[in-house]
Structures are given as C-alpha cells and as structure tokens.
Amino acid sequence: MKRIAILGSTGSIGRQTLEVIDALGPDYSVVALTAGSNYKLLAEQARKFKPEMVALSDQGAALRLKEKLDDINCKVLPGSSGQIAAATWFTADLVVMAQVGFSGFEPLIAALKDDKMIALSNKESLVIGGEILERKGLLDRKKLLPVDSEHSAIWQCLGTSSLKDIKKIYLTASGGPFYGKDNIDLAEVTPEMALQHPNWTMGEKITIDSATMMNKGLEVIEAKWLFDLNLDQIEVVIHRQSIIHSMVEYKDGSVLAQLGLPDMKGPIQYAITYPERRENNFEKFNPFGRVLEFEKPDRVNFPCLDLAFKAAAAGGTMPAVLNAANEEAVKYFLNGTIRFTEIPKVIEKVMKGHDIICEPEIKDAVEADRWSRLEAAAVI
Ligand code: MG
C-alpha cells in the first residue's frame with residue numbers, strides 16, 4: 001500500500017491526481033489533503049477518500065470545513081502550519097505538490113527536510129528555491145519525481161543513465177493559443193482568449209503562463225535544478241502537436257524522446273506508481289498519420305522566455321522576483337487591469353529594480369517574493 005498526501009487537491013492537478021488514485025484501486029490510499037480556501041470541494045474529497053488529515057490555508061474556510069466534517073474522524077488544520085503538517089505527514093509515503101505559485105515553496109522545503117518522496121507539480125517552488133536547496137544539500141534528486149509533463153518525459157528518457165551523460169535537453173513547448181498567429185494583435189488579447197489552450201487542460205495561472213510562454217521559462221529553471229544542468233544545455237523547441245513531451249540528447253549523440261497524447265494523467269500516474277507502471281484506461285497514442293514538427297521559439301513576441309533565462313543566469317533572489325512579478329502580472333491581467341503584452345513589461349521593470357542577494361537564505365527568497373509583489377503593484 002502506498003499512502004499519499006496531496007497538497008493543492010482542489011486544483012486541476014490535485015483533482016486529476018485523485019482521479020488517478022481512485023482508478024488505481026486499493027494499493028493506493030490518501031492520507032492527507034490540502035487546499036487554499038475551497039472548503040466545499042475539500043469536504044467532498046475528504047468524505048470520498050477518507051484522509052487522516054485535511055488543511056486549508058484560509059483560517060475562516062478551515063473553520064467551515066471543520067463543521068462540515070465533524071461527523072468523521074479527520075483532523076482539520078488551518079493556516080500555513082496545516083500545509084507544512086501535510087507535507088511532512090508521518091504516514092505519507094509520497095507527497096504530491098500540486099499547489100499554485102509561491103504557496104508551494106515552504107511546504108517543499110519542509111518535505112525535503114523530512115526526507116519525503118515528492119511528486120512535484122509546483123514548478124514555482126524550485127524556481128524560487130532551487131539554488132538555496134542545492135547549496136544547503138537539500139536537493140535530493142532521487143526524492144523529487146517530476147509531474148510536469150516535460151520533466152516527466154526527461155526523467156523517463158533518462159532511465160538508468162547518469163545525469164552526467166546528458167549533453168543537452170530539448171524542452172518542448174506547444175506555444176499556447178497565440179503562437180505564430182499573425183492575425184492576432186497580442187495587445188488586444190482578452191483573458192477569455194488566453195484561457196483557451198489548444199492542447200492541454202490546466203488551471204488558470206498556468207494557462208496564462210503558457211500563452212505568454214513564461215510557463216516554458218519557469219520550466220527551464222525547473223529543469224536546471226531537477227537535472228543539474230547549465231542553462232546552455234537547455235533548448236526550448238516549439239512543437240505544436242504536443243506529442244513529444246521532451247527529448248534528451250546524450251554525449252554520444254543519441255537522442256531519446258518520450259511520446260504520448262497531451263494528458264496530465266500520464267505523468268501524474270507515473271510519479272505515483274514509480275518505479276512500477278500500471279495499466280489504465282487513458283486514451284492511447286497512435287502514430288499513424290501524424291506529423292511532428294519543430295521550430296525555434298519566437299523570442300520577440302514572447303519575451304517572457306528570455307526574462308526567465310535572464311533571471312536564471314542572474315541567480316540569487318532574481319528567480320524569486322521573476323516568479324512573484326509574474327504571479328502578480330497574471331493576476332492583474334486576469335482581472336482586466338493590464339494588457340496581455342504588459343505582462344512581460346511589468347516583470348522586466350520589477351527585475352531591473354531588484355538588488356540581487358547572492359547566496360540567499362530561505363528568508364531572503366521570501367522577502368524577495370514580498371518585495372517583488374509590492375513593486376509589481378507599484379509598476380502597474
Ligand atoms: Mg509543463
């Protein structure tokens with residue numbers, strides 16, 4: 001029996017993780033579930049999956065959840081301490097990190113310190129903290145199982161090969177809904193348009209990040225830390241069909257790719273059942289009649305990609321600043337305050353105003369995050 005804690009269980013990845021666990025049957029159980037404020041859905045999930053504990057970051061929502069679950073034997077914890085408790089829950093064999101944005105950072109550190117196996121979907125936590133975790137010796141790559149489809153692909157291509165044998169990786173990107181569409185004026189893009197991803201069904205924040213290509217930028221930094229790569233070993237390639245989920249080129253010139261239909265349940269299931277593989281009823285890939293194409297990314301119309309490379313090259317607290325400015329800019333775009341094309345402008349301006357702290361501590365990353373959000377609001 002594998003016992004699983006899921007942080008961010010009411011989001012897109014969290015809900016799909018529960019569907020995967022449900023379909024896998026009795027060898028997998030849920031011991032902890034957390035979310036931000038969605039107490040109604042979390043209560044439903046708790047009744048169905050019977051975890052030992054649940055947590056909500058929002059204190060008021062946690063109280064309502066407690067009332068809803070007072071007839072079942074399940075601990076309800078509020079606030080950020082509840083999230084940390086779930087990340088280190090004593091009976092959990094695997095912790096799925098499926099939160100959105102910065103909220104994944106401190107639970108990831110707690111889970112790594114507690115020596116947990118982690119299925120990582122929250123890329124932002126590695127963007128913010130990769131350098132700190134590496135320097136402190138906390139980045140145990142054998143304990144970090146990627147859920148992000150590109151990183152899952154690289155991980156699967158690696159098999160038993162050593163990270164030292166990688167010459168480079170090709171991180172594939174669909175390009176999102178506006179890529180190569182000359183007839184669309186990006187300045188006039190609405191949130192409704194940006195939320196229509198051509199291939200993947202995902203949460204709101206990551207869908208906007210995909211449309212700006214910041215998602216790929218964050219994934220470059222995620223890959224750097226997951227696979228111990230230099231930035232010049234990571235090449236982003238536009239692959240509109242989203243069938244090849246990424247490729248690894250080894251030092252002998254051999255290139256391995258992982259293929260499949262674009263469905264997050266594939267990488268989720270692999271991270272859960274690893275090192276085993278299990279049958280499932282997902283729609284399967286058929287190669288006949290398919291054309292797979294690759295192009296260089298358009299760095300002019302999608303400047304977020306280069307902003308991420310710049311932040312990663314600068315290091316220190318800059319990736320945390322990039323991430324926080326992006327989270328704020330996306331929020332302001334979704335509520336109609338700024339235009340789609342202003343998202344990278346806001347991020348760039350905030351980055352320019354930041355005095356990098358080299359060799360940061362965890363508290364420096366937290367402070368850089370806070371500063372960047374205030375600065376982004378001021379710039380906007
Ligand atoms: Mg991805």
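Helix α9 (residues 204-212) is mostly covered, with 7 of its 9 residues buried; buried denotes a relative accessible area under 20%, exposed one over 50%, and partly exposed a value in between, with a 1.4 Å probe and protein chains only. The model is predicted, so that local features need pLDDT of at least 70 and side-chain atom pairs count only at pLDDT 80 or more, whereas totals for chains, interfaces and linings use all residues. Residues are numbered from 1 along each chain as its sequence is written, and side-chain values use heavy atoms, with hydrogens and water left out. Helices (H or I, at least four residues) and strands (E, at least two) are DSSP runs numbered from the N terminus. The buried residues of α9 are Lys205, Thr207, Ile208, Asp209, Ser210, Ala211 and Thr212. Their cover includes α6 (123-135), α8 (191-194), α10, α12 (304-314), α13 (318-334) and α14 (342-352). Met213 follows α9 and has a positive phi, near 75°.

An open sheet is formed by 7 strands in the order β4-β3-β2-β1-β5-β6-β7, with parallel pairing; two strands pair if DSSP finds at least two bridges between them. Axes are lines fitted to C-alpha atoms, for helices over the stretch in contact, and angles run from 0 to 180 degrees between N-to-C directions. Strand β6 (residues 117-120) is joined to β7 by 3 bridges, and the two run parallel. Within this pairing, Pro146 in β7 is the bridge partner of Leu120. Helix α3 (residues 59-68) packs on the sheet, where it touches β3 (53-56) and β4, and its direction makes about 165° with that of β4; contact requires heavy atoms within 4.5 Å.

A further parallel pairing involves strand β8 (residues 166-173) and β9, which are joined by 5 bridges. Leu171 stands opposite Val236 in β9. Strand β9 (residues 234-238) is mostly covered, 4 of its 5 residues being buried.

The protein donors of the magnesium ion are Asp148 (OD), Glu150 (OE) and Glu219 (OE), which lie 2.1 Å from it. Donors are N, O and S atoms within 2.8 Å of the metal (3.2 Å for Na, K and Ca), and water is not among the atoms, so sites may look incomplete. Along the chain, the donors of the magnesium ion follow the spacing D-x1-E-x68-E. Distant parts of the chain are linked by Glu150 in helix α7 (residues 149-158) and Glu219 in helix α10 (residues 214-226), which are 69 residues apart. Glu150 counts as buried at 8% relative accessibility, and Glu219 is buried with a relative accessible area of 1%.

Aromatic pairs were assigned to rings of Phe, Tyr and Trp (its six-membered ring) with centres within 6.5 Å, planes under 30 degrees apart counting as stacked, over 60 as edge-to-face and the rest as tilted. The count by this rule is 8 aromatic pairs. In one of them, the rings of Tyr270 and Tyr274 have centres 5.8 Å apart and planes at 75°, so the pair is edge-to-face. Tyr270 is buried, at a relative accessible area of 12%, whereas Tyr274 is partly exposed, at 30%. An edge-to-face pair is also formed by Phe333 and Phe340, with 5.6 Å centre to centre and 65° between the planes; both of these residues are buried. Ring pairs link Trp155, Tyr270 and Tyr274 into a cluster. The charged end of Lys224 sits over the ring of Trp225, 4.7 Å from its centre; this assignment requires NZ of Lys or CZ of Arg within 6 Å of the ring centre and within 35 degrees of the ring normal.

Most residues other than glycine have a negative phi, and most peptide bonds are trans. In this model, a cis peptide bond joins Tyr274 and Pro275, with omega about 5°. Pro275 is placed in the loop between α11 (265-273) and α12. Asp115, although not a glycine, has a positive phi of about 65°. This residue is found in the loop between α5 (105-113) and β6 and is partly exposed, with a relative accessible area of 48%. Ser242 likewise has a positive phi, near 50°, and lies in the loop between β9 and β10 (244-250). At 4% relative accessibility, Ser242 counts as buried.
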